[in-house]
Amino acid sequence: MILVYISSLIEGYMDFYLPVSVYVKIVLVGVIAYFGINALHLGKVRRIPMNEALKNRE
């Protein structure tokens, strides 16, 4: 709210507008990136032998 007020005081202020489709794309890219990274991490964890993981437990 304060940022909008301050930026409106600046001469030459232009309204910033993003269509809803851009917000949808941002969310979709975030979700796809999350699941992609999660799959890579799970694959790396699954390659660790269970007996080795249990030996190194503290």
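Of the 58 residues in the protein chain, 2% are buried (buried means under 20% relative accessible area, exposed over 50%, and partly exposed in between, with a 1.4 Å probe and protein chains only). The model is predicted, so that local features need pLDDT of at least 70 and side-chain atom pairs count only at pLDDT 80 or more, while totals for chains, interfaces and linings use all residues. Residues are numbered from 1 along each chain as its sequence is written, and side-chain values use heavy atoms, with hydrogens and water left out.

The protein chain contains three helices and zero strands (DSSP runs numbered from the N terminus, H or I of at least four residues for helices and E of at least two for strands). Its radius of gyration, taken over C-alpha atoms, is 23 Å, well over the 10 Å from the globule rule for 58 residues, so the chain is more spread out than a compact globule. That rule is 2.2 Å times the number of residues to the power 0.38. The C-alpha trace spans about 65 × 30 × 15 Å along its principal axes.

Tyr5 lies in helix 1, residues 2–9, and is exposed, at a relative accessible area of 54%.

One aromatic pair is present in the structure (ring centres of Phe, Tyr or Trp, the last by its six-membered ring, within 6.5 Å; planes under 30 degrees apart are stacked, over 60 edge-to-face, the rest tilted). The ring centres of Tyr34 and Phe35 are 5.2 Å apart and the planes stand at 70 degrees, so the pair is edge-to-face. Tyr34 is exposed at 51% relative accessibility, and Phe35 is exposed with a relative accessible area of 51%.
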